[in-house]
Amino acid sequence: ACGSGEENSGAEADSSELEEAKLVTNWFAQPEHGGNYAALVEGMYEEEGLEMEIEPGGPEISATQIVASGDADFGYTSGEDLVIARDEGIPLVAIGAIFQESPYVLISHEGQVDSFEDLEGKTVFTATAVGYWEYIKEEYELEEVEERAYTGSLAEFVDNENAVTQGYMTSEPYSLDEQGVDIDYLKVSDSGFESYGNVIFTTEDMIENNPEKVQAFMNATVAGWEYYRDNPDETNTYLQEQNPDLTEEKMEYSKEAMDEIVYGGDAEENGFGYMEADNWQTLQDNMNQLDLTSSEEDIEEAFNMEFLEEAHNE
Amino acid sequence: MQADIQKTEQEKHTAETISMKNVSKVYDNGHTAVQNVDLTIKEGDFVSFVGPSGCGKSTIFKMVAGLTTITEGHIHLFNKEIDSSDRDSRDLAYVFQDATLLPWLNIEKNVRMPLTFQSIKKEEQNKMVQETLELVGLKGYERAMPRELSGGMKMRVSIARALVSKPKLLLMDEPFGALDEITRQNLQEELLRIWNSQKMTVLFITHNVFESVYLSNRVAVMTASPGKVDDVIDIPLSYPRNSDVRTAPEFSNLVAEISEKLKN
Amino acid sequence: MQADIQKTEQEKHTAETISMKNVSKVYDNGHTAVQNVDLTIKEGDFVSFVGPSGCGKSTIFKMVAGLTTITEGHIHLFNKEIDSSDRDSRDLAYVFQDATLLPWLNIEKNVRMPLTFQSIKKEEQNKMVQETLELVGLKGYERAMPRELSGGMKMRVSIARALVSKPKLLLMDEPFGALDEITRQNLQEELLRIWNSQKMTVLFITHNVFESVYLSNRVAVMTASPGKVDDVIDIPLSYPRNSDVRTAPEFSNLVAEISEKLKN
Amino acid sequence: MNSNVETTSIRTSGQPKAKSMSKGKSKLISVLPPLAAFIIFVGGWELLVRLLQIPHYLLPTPTAIVTAAVENAANLTTAVSVTILEAVIGFTLSVIGGVAAAILMASSKWVEKSLYPYAVILQTIPVVAIAPIIVIWFGSGMNSIVIITFLIGFFPMLSNTLIGLNATDKDMLNLMKLYKASKMKVMWRVRVPYALPYITAGLKISCTLAVIGAIVGEYIAGIGGGSGGIGYAITVSAARMETAYLFACGIAASLLGIVFFLLINMFSKWVLGSWHESELNNKD
Amino acid sequence: MNSNVETTSIRTSGQPKAKSMSKGKSKLISVLPPLAAFIIFVGGWELLVRLLQIPHYLLPTPTAIVTAAVENAANLTTAVSVTILEAVIGFTLSVIGGVAAAILMASSKWVEKSLYPYAVILQTIPVVAIAPIIVIWFGSGMNSIVIITFLIGFFPMLSNTLIGLNATDKDMLNLMKLYKASKMKVMWRVRVPYALPYITAGLKISCTLAVIGAIVGEYIAGIGGGSGGIGYAITVSAARMETAYLFACGIAASLLGIVFFLLINMFSKWVLGSWHESELNNKD
Ligand SMILES: Nc1ncnc2c1ncn2[C@@H]1O[C@H](COP(=O)(O)OP(=O)(O)OP(=O)(O)O)[C@@H](O)[C@H]1O
Ligand SMILES: Nc1ncnc2c1ncn2[C@@H]1O[C@H](COP(=O)(O)OP(=O)(O)OP(=O)(O)O)[C@@H](O)[C@H]1O
Ligand SMILES: [Mg+2]
Ligand SMILES: [Mg+2]
C-alpha cells in the first residue's frame, strides 16, 4: 500500500539504482535451478532493476527460515514444507512452482519393486518425517517397512538388495547408473500425493510492502526459465564454474529428466511455474489427514499467482 | 666487616614490627598446630625459632606472612592487623622450607622475579641479581634450570630470591639446613652483614642451636603438642659477631641452656 | 642397647657391596657432576659422604641406585654391574633429599608401599608399618595426608618408608637435615641399632661432620668442580657408640680433621 | 639492645573456635550466583524476544519452549531416555578405550609413535564419511550410534590421559624403580593416580561430547520412531518447523550434558579432593 | 673392622664421552615404528578388501582411493584449502575464547559458578538444533562455519585450561602473594605457565576437533561450489556414490587433523620442553 507506482515498474533501470535481491535455493548450484541462474547470467534480473544474488543451499540450510527472517527475499522449498510453514504461522507465500509434480522418486534394485504395494517388507531410506512417505504408508497400508534415515549416502542402499531409497529423479538414478547399479524407480507423484517441487516463495510482508520487487523478480525468473529450456549451454558453463563437481553429462541428464516436470503437465498449457488451487487444496487436505498439519486456513492465502500471470503477460 | 655495622643504642628503633596476641591456629582437619602464642618483635630484631619437628614454627611464619588464616587471636605487622586478603601493608620476603622455584624460569629469572614487581630499572635489576647470586655462590649458574641444580643449590637460589629485594622483614624457614658447614658459615656472615646494614627484622627457623645463638639477639624456644612458645631467651652477645664468639664460654652456656630447654 | 650389637671381627663379611671404578657423570646439559671416582664399599659398611653443596653426592647415590646413567666407568653392586634398565639385582632402599611422598596416599599407606611389592602378609605388614612409624615418632598420624605434615614430619615418613622394608643396602641423602637435635639423635641411635642388628650397608649423606663421625666407620670427603672423592677417612671408634663417644678427644680430633679437609 | 621480645604466656583457655561460615549459609552463597545468572539469562531472553518482536519461528520465548516441552512431555521423555542410554554406553566405551589405549601407548614410546597417528585419524576422519561403513558393519540404530558416540569421546580421553601418564614426577618413578615394581604396577600405583587430574579433565570433555556424539549418531544412523532419541526428535521438529519444540529438544540435550558434567565433577572431587590442588577445598 | 673402603684416585684423563646414539640413527629409529605400522595398516587393508571381495562402493582399496584423489586433485585441493582456512580461524577463536573464558572464571569462584553451566550448554546444545539461528545471524558460508568450528573447539580449551589454572601449586601462589602481585600478574606469571601442560593438552584435543567442526559446519551451513570445503566434497561424493573419492576426502580431513596435531605437538615441545616432565627429553 505504501509508495507503490512511481518506482521502476519493470522497465530498464539505471544500473546504479539496482535494488538488491537475494534468492536462497535448496542445494548447491545445479541445472534444477537453471532458469534462475540463466536469468542471472543473461542479465534478465539486471534488466528488471535487480542486483540479484543467488545463494546455494545445502544439506541443512533451511531457506524457509532464512527468508522468514528477512535475510533473503526469495527461496526454494517443497509444497509440503510450505504448507507446514504456514501451519506453524510462518507467513510464506508461494509465487510459482518450478516442478509441476514432486520430483522425488523411490529407487529400488531392479526387479524388486513394481508398485507401491511392493514396498511392504522393504527397508526404506527417506528423510525423517517427510509428507509423501507418510502418505504412501497410509495410502498403501504399509505396515512391515523398516524405516531408516536418508543421510545423502547411497552406499547402504546399494549394499542391500532389499532396500529402497528416496532420490531426486534428476540426480540419484544418474549416479547409480554411473556406478553400474541396476535400478527401478517409482515416482512419488504417481502415488496420488499431489505436491509441487522447488516452489519459489516469498513472505507476505514482501508482497505487501514491495510488490514491485516481487514482480521484477518473477518477470526475470520466468524469462530465465523460458530461455533456459532451449539455451542451457551458457548457463551450464556458469553452473559448472560455481560447482566444479558438475559434469556435462550429469547436467544433460538432469536437464532432460526435469524438462518434463518443469515444462510439461499444467505448465504446457499455462506456462512455466503454474499452480492450481485444487492441487494446493489436496495437498493441504492430505497433510491434515496425516496429522502433519492441522491447518484450517483458506488455501488461497498460501499461494499467489498474480505475479506469475503478470510475468507471463509481459 | 665494615665500621657502620657497629650499632649504637640510639640507632635502634623501638617500633614494633610484629605483635602476636593470644594467637592460635587450628587447621581444617582439626589439628591444633599453634596455641595461645604471645610474642612481640621489635624493628631490627633477629629472632630465631627452635623447637621439635612439627611444633608449629612454619605455621607461625605463615600466619605472620598472611599465608594462612589465624584461627584465634591477632597479629599486628608494622602496626597493622593482618588480614590474609590484604596485600598492601607488607614489605617482607620469605624463604620457604622448600625451595619453591618456578620450574619454567632459569635461576637468574627466578631470582629476579621479586624485582619485576617493583619499578626498578632493568640495569639496576641485573646488578642486584648478579650481586645476590654471587653472594650465595651461584655465579655461573644464571642460565641453569631449577631441575638441573642440587638440593642445596636450589635452596640457595631461594635465599637469593628473598635477599635480592632488600625487604624490611625477612622470614627464613630453615634456610641453611641443606648446606654444608662452609657454605653455611659464609651465608651466616653475609646474612648478619645484610641485616646490620639494612636494619631489617629477621625471623629465622633453625634446628641448629649454635646457629640460633650465633645469629640472633633473641631465641624463641617452642614446645610441641600443641605448639607453644615456651620461652624467649635473650642473647646478650654484641654484634658484629665473628668466629671468636663461637668459642666464648658465654656462647657455650647459652647453647647449653637452650639445648636443655629443648630436651624437656 | 642390646648385647647382640656387640660385633666381632668374624661376624663381618668381606664381600664387596659396591665397587666404583673410574666413575664419571656428565649430565645432558654438559655439566660434569662427578669425575673419576674410585671407591669400594664392603658389606656392612656405614659410609658417610660429606662435601660442599653441589659436589655430586646425590649424583653418586643416584648412579649407585641405577636412577641415572653412568657416563663413564663402572659400578658393581652386589658383584653385578649396574645397568639402569635392570630391575632385579638390587635390594636397596633410598631416602631421597626431598621426601617424595605419594600425595594421594595417607602416611600409613605411603610407608606400607614398599612392602606391598613383596609377598608379605597383611598382618605382618601392619606390624612392620606400626613399628616403623613409632620409631620415627609419627604414631597417631597414620591417617594424615602428606600435605598435612610439617617439613620434618614428611622427611620422617620418607625415612620410615626406607626402613620398613629392611633393605640390604640403604642410601640416605641428608635424611636428618630437617630435624631438630633431639629427634635427630633418637633417629641416629635407632639407625645404628637397625644397621647393627640387620647387618646392612648404609651410605649416608650429611652436612653435619659430627653426625658423619658419630655414625660411620668411614667418611668419604668430597670436593667440588668437578665432584671428586678427595679422601676416605677411617673412623676407628668402636660400636656400639653412645653419647660418651661424642665427648671423647678422639672424636673431636676426627671431626677437626674432616672439617679441615672440607675447608680446602 | 633492649629486651624487645615480650614473653609468651600459655593460656589453654579452651579450644579456639574456627571462624567459618555456617554450612547452610555457605551453601546458599554457592547456589546464588548461578541462580542469578540463570534468571538474568532467561529473563533477558524472554524480554528481548518480546521487545524486539522476534517471530516465534525464529527464536521462541522461554515460555513457549516450556509449553512445547510440556505438551510433548511423553515424546521428549522417551527421546531423552534413549539418548541417555546411547550416550552412557558410548561414553563408557570411550573412557575405557581411551584410558586403555593411553596406558598401552604410555608403556612404550614405540607403541605410542606407531599408534598415535591412527588415534588422530579416528578423531578427525569425518563421521559422515565413514557412517555408511559403520552402519553396514554394526547395523543401524543403537549399535552404530554407540560406536559414533565412542569415536567422538575417545580421543579427548586418550590424549589427556596420555599426557597425564607422561607427566608423572620423575622422583616417583625412581622410587618405584627401587621397589623393583613391574611396569604394570608402576602404571597402576603411580602413573595412573598421578594422571588422575588429567583423566578427570578428559572425562569432563568426553562426557559432554558423548551427548553430541549420540545426537549426531542418531542423525546419521538413527532409526527413529519409538526408539528415536533427541537427535531424531530434533530432525522431526525441524522438518515440522516446530521451533519451540526444537529448542526444547536442544535444551534437553544441554541439560543432559550438564547432568553428565556434574556427575563427573562429583567424581573428580571424590577422587582428587583429598590431595590435588585443583579440587582441594581446604585452602590451608 | 678393616679398612674396607678403598681409596679414590683423581684421574683427570680428559672429558668422559657420552654413551649416546648418533643423531641420524636415533632419528631413523623414531621414524621406523610408525612407518612399519603404516605399511601393515595400508597393506592389510588392500589385502583384506581384495581377499574378501568387499565391493568398491562399500570399502574401496587404498589404490582406488589414491587414484580417485589424483583424478580429482584440483577439486580436492580447493576443498582442503577452504577447510584449512575455516578450521584455522575457528580453532584460533576457540583457543582465544576458551583460554580467556577460563582465565575469567579462574579469577573468581563466583564467575566460574555463574558462567560454567553456560559453557557446558554451548558445548552440548546440538549444533543442528541451533543451525538455523547461526545461519540467520551469521549468514551461510564461512562465517557460520567458523562459528560452528569455534563452538566445538571451545569447551575442551576452556575445561582443560580452567583445571590447569586451578591446579597451581599453593606455594607458588603464596610466593606471589608475598610479592603483592596483582591478580592479573599472578595469572600471567604463575597460573598460566603452570597450566600450560593442561592448555597444550586442550590444544591437542581442540585442534583435531576443529577439523571435525569445520566439516560439520560445511555440512550444516556450507554453500558448496567453488568455495566448498571437504564437508561439501563429502556430501557430493556420498550422493554420487563415488566411495573412493569419499574416502579420499575423509583421509584428506584426517591428514589435515594430523598436521594440525603435529604443529601443536611441536608447540607443546617448545613451550614445555625445558621444564615439564611430559615433554622433557633429558631423562637425567
Ligand atoms: N596444611 C595442614 N593441614 C593440617 N595440618 C597441618 C598442615 N600443615 C601443618 N599441619 C600440622 O601442624 C603442625 C605444625 O606444623 P608446622 O609445619 O608448623 O611444623 P614445624 O614446626 O614447621 O615443623 P618442622 O620443623 O618439621 O618443619 C604439625 O603437627 C602438622 O601436622
Ligand atoms: N638433572 C641435572 N641436570 C644437570 N645438572 C645437574 C642435574 N642434577 C645435578 N646437576 C648438577 O650436578 C652437580 C652435582 O649435583 P648433586 O645433586 O649431585 O650435588 P650434591 O652434592 O647432592 O649437592 P647438595 O648437597 O646441594 O644436595 C651440581 O652442580 C648440579 O648443578
Ligand atoms: Mg616447618
Ligand atoms: Mg644432594
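In this predicted model, Pro226(B) sits in the loop between β9 (218-223) and β10 (228-234) of chain B. The peptide bond that joins Ser225(B) to Pro226(B) is cis, with omega about -15 degrees. Ser225(B) is also in the loop between β9 and β10 of chain B, and its phi is near 45 degrees, a positive value in a residue other than glycine. Most residues other than glycine have a negative phi, and most peptide bonds are trans. Ser225(B) has a relative accessible area of 71%, so it counts as exposed.

Chain B has another cis bond to describe, from Tyr239(B) to Pro240(B), with omega near -10 degrees. Pro240(B) lies in the loop between β10 and α7 (243-247) of chain B.

In chain C, Glu174(C) has a positive phi of about 45 degrees although it is not a glycine. Its place is the loop between β7 (169-173) and α5 (181-198) of chain C. With a relative accessible area of 10%, Glu174(C) is buried, because buried means under 20%.

On chain A, acidic residues including Glu110(A), Asp177(A), Asp233(A) and Glu248(A) gather in a patch of negative charge on the surface. Helices α7 (172-178), α10 (233-242) and α11 (248-263) of chain A each supply at least two residues of this patch, and α11(A) gives the largest share, 4 residues. Asp233(A) belongs to helix α10 of chain A and is exposed, with a relative accessible area of 58%.

Definitions and conventions:
Residues numbered from 1 in each chain as written. Chains lettered and ligands numbered in written order. Predicted model: local features only at pLDDT ≥ 70, side-chain atom pairs only at ≥ 80, totals over all residues. Heavy atoms only, no water. Patch = residues over 30% accessible without salt bridge, like charges linked within 9 Å, V, L, I, M, F, W, Y side chains within 5 Å. Areas by Shrake-Rupley, 256 points an atom, 1.4 Å probe, with all protein chains shown as cover. Salt bridge = Lys/Arg side-chain N within 4 Å of Asp/Glu carboxyl O. Lys, Arg positive; Asp, Glu negative; His and termini not counted. Charge placed at Lys NZ, Arg CZ, Asp CG, Glu CD. Buried < 20%, exposed > 50% of the residue type's maximum accessible area, 1.4 Å probe, protein only.
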